[in-house]
Amino acid sequence: MNLRFVSRFLLLSIWFIPAPLTAQSLADANTTAAALATKPLEPTIPPMPKSAFEVKVQANRPLKLQEAIDIALARSPQIALARLAIDRSEAGIRQAQAALFPTVALTTSYSYNQSAQSKITNDLSVLNGNIGGTTLTSVFSQVETAPLNGQVNINWNVYSGGLFPARVRAAEASLRSTQLDFERIRQDLVNSVITAYYDLQAADGNLAIGESAVRSAESSLQDAETQNAAGTGTRFAVLQAEVQKANAEQQLITFQNDRAVRQQALARLLNFERPTEVQAEDPVAKGAAWEMGLEDSILSAYRQRQELSQQLALEGAAKAQEEAAYASLSPQISLTASGQVLDNLLDRVVGFNSGYSAGVQIQWTSFDGGAARAQADQAIADAKSARVRYIDTLNTIRFGVESSYSQLRTASQRIETNTKAVTSADENLRLARLRFQAGVGTQTDVLIADRDLTQARVNRLTAVIDYNRALASLRRALGIL
């Protein structure tokens, strides 16, 4: 009996085994594995630091601008989340497409039953000799049963009134919107890194200017003390020089603090595994000239900005959802089929049996209390909202291009003016010191000339950084970062 049980169970199991893997199916499996291997590893939660050393800055990293951008794109949580959003939308398409295929459900069950009442009845029949033509095997099978049951159900919706295709289109439009949003997030991140890098360059430049101002103030103080000791100067000039030196040192402290903050801001965007201090390795220099005119820049932004295409994709998704809502009230026609096999493993007489059924099912929700209409109205509102956002985005893009373009032209003019001012201020300080050392000038003239040179250098540095910021902002406004 055990051998018979095993053999029949194996036969039934083989009936439910899927078709063997072909060369094509193996190739598809290998392709899927390769695609998964190229995806980023699953993120892990880092351990919480347990000592002060673990949160202390442990590395110093000089960076060029492009290197900083590459690191940020590779390690940004925002980029990782955007990629996961794309993966989720792709899975949504597969889920919507699955409704176009038949569903197959397999069921296998086995149970062993022994009826106490049937056993007593059969025992009494045997003792009384009242078994007639019934064999002992059939009598025993009435007491104990071990049914093995297998069933397969197939259901295929062959007509949905456009419900399933509409859901697929909505999922495809949603994926398109997610992909465009990924590009928006990427460009925003690049723009943030560029801005942070230029901020650090400005802080470095201000720090260098502050250090130069302190050295210049120390030189002026030394000259004033020398002349006062020789009797050709005054104590008042020495006090003026001391005040100038103290002010320069105070400004230098401010510049040092600002530089530290800018370093931390850039490092925050790069998401290093361990605390790292960054340095801007690129020299401060004016960026490339912008050859395109204002009107052409606006038209180019309209053609290239991902936000506009994203709103169109969202409108398409909303329209598809509206169609799906109305289609849910259409008749749904499905083909159904089922097959069943049954065997009582303890019955040697009856044996293995099978059966099947097939049919057509029509389901029509003629009234749903207005739920489908409400869903359609929501989708209509979403489509209208996408159009409103499109118009608002159009105006925002134009303003962004116009403001960045204006800032770029203004910064370019400021660079030319301040470059001349630095040259004049440097020569003015040189002459003021010569006059003071010759006794024909005053310490006040030197201090004023020194202050003017420091301010001219700061103005030129600020103009160059503002130009580069405006250039990056203009490129972002056109969607070409």
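Modeller: Start with cover: a residue is buried under 20% relative accessible area, exposed over 50%, and partly exposed in between, using a 1.4 Å probe and protein chains only. With a relative accessible area of 39%, Val-261 is partly exposed. Its place is in helix α8, residues 235–270 (helices are DSSP runs of H or I with at least four residues, strands are E runs of at least two, both numbered from the N terminus). Leu-200 is 61 residues from Val-261 in sequence, yet their C-alpha atoms are 8.6 Å apart.

A word on the model. It is predicted: local features need pLDDT of at least 70 and side-chain atom pairs pLDDT 80 or more, while totals for chains, interfaces and linings use all residues. Residues are numbered from 1 along each chain as its sequence is written, and side-chain values use heavy atoms, without hydrogens or water.

Now the whole chain. It has twelve helices and eight strands. Of its 481 residues, 34% are buried.

Next, the inside. In soluble globular proteins, nonpolar side chains tend to be buried together. Here the largest nonpolar core has 36 residues (a core is a set of buried Ala, Val, Leu, Ile, Met, Phe, Trp, Tyr and Cys joined through side-chain atoms within 4.5 Å). Val-193, Ile-194, Tyr-197, Leu-266, Leu-270 and Val-278 touch the most other members. Several elements give two or more residues to this core: α3 (65–75), α4 (77–98), α7 (163–230), α8, β6 (276–280) and α12. Helix α7 gives the most, with 15 residues.

Look at Val-193 in particular. Leaving out residues up to four places away in sequence, Val-193 touches Ala-68, Ile-69, Ala-72, Leu-266 and Leu-269. There is also a second, separate core. This one has 18 residues, including Ile-298, Ile-415, Tyr-467 and Leu-478.

Gln-306 lies in helix α10, residues 306–327. Gln-306 counts as buried because its relative accessible area is 10%. Beyond its neighbours within four places in sequence, Gln-306 contacts Leu-180, Glu-183, Gln-187 and Gly-479. Helix α12 itself covers residues 443–478, which is 36 residues. From first C-alpha to last it reaches 53 Å, close to the 52 Å expected at 1.5 Å a residue (the expected span is 1.5 Å times one less than the number of residues).

Ser-334 is another case, in strand β7, residues 332–344. At 9% relative accessible area, Ser-334 is buried too. Its contacts, leaving aside neighbours within four places, are Asn-155, Trp-156, Asn-157, Val-158, Gly-359, Val-360 and Gln-361. One of them, Trp-156, sits in strand β5. Trp-156 is partly exposed, at 38% relative accessibility.

Finally, the charged pairs. Side chains of opposite charge can pair when their charged atoms come close. The whole structure holds 23 salt bridges (a side-chain nitrogen of Lys or Arg within 4 Å of a carboxyl oxygen of Asp or Glu).

Take Lys-64 and Asp-282. Their closest N and O atoms are 3.7 Å apart. Lys-64 is in the loop between β1 (59–63) and α3, while Asp-282 is in the loop between β6 and α9 (294–304), and 218 residues separate the two. Lys-64 is partly exposed at 42% relative accessibility. Asp-282 is also partly exposed, at 23%.

Then Arg-169 and Glu-323, with closest N and O atoms 2.2 Å apart. Arg-169 is in α7 and Glu-323 in α10, so this pair ties together parts 154 residues apart in sequence. Arg-169 has a relative accessible area of 37% and is partly exposed. Glu-323 is partly exposed at 41%.

Arg-414 and Asp-466 form another salt bridge, at 3.1 Å, N to O. Arg-414 lies in α11 (residues 371–438) and Asp-466 in α12, so parts 52 residues apart in sequence are tied together.

Technical notes:
Contact means heavy atoms within 4.5 Å.
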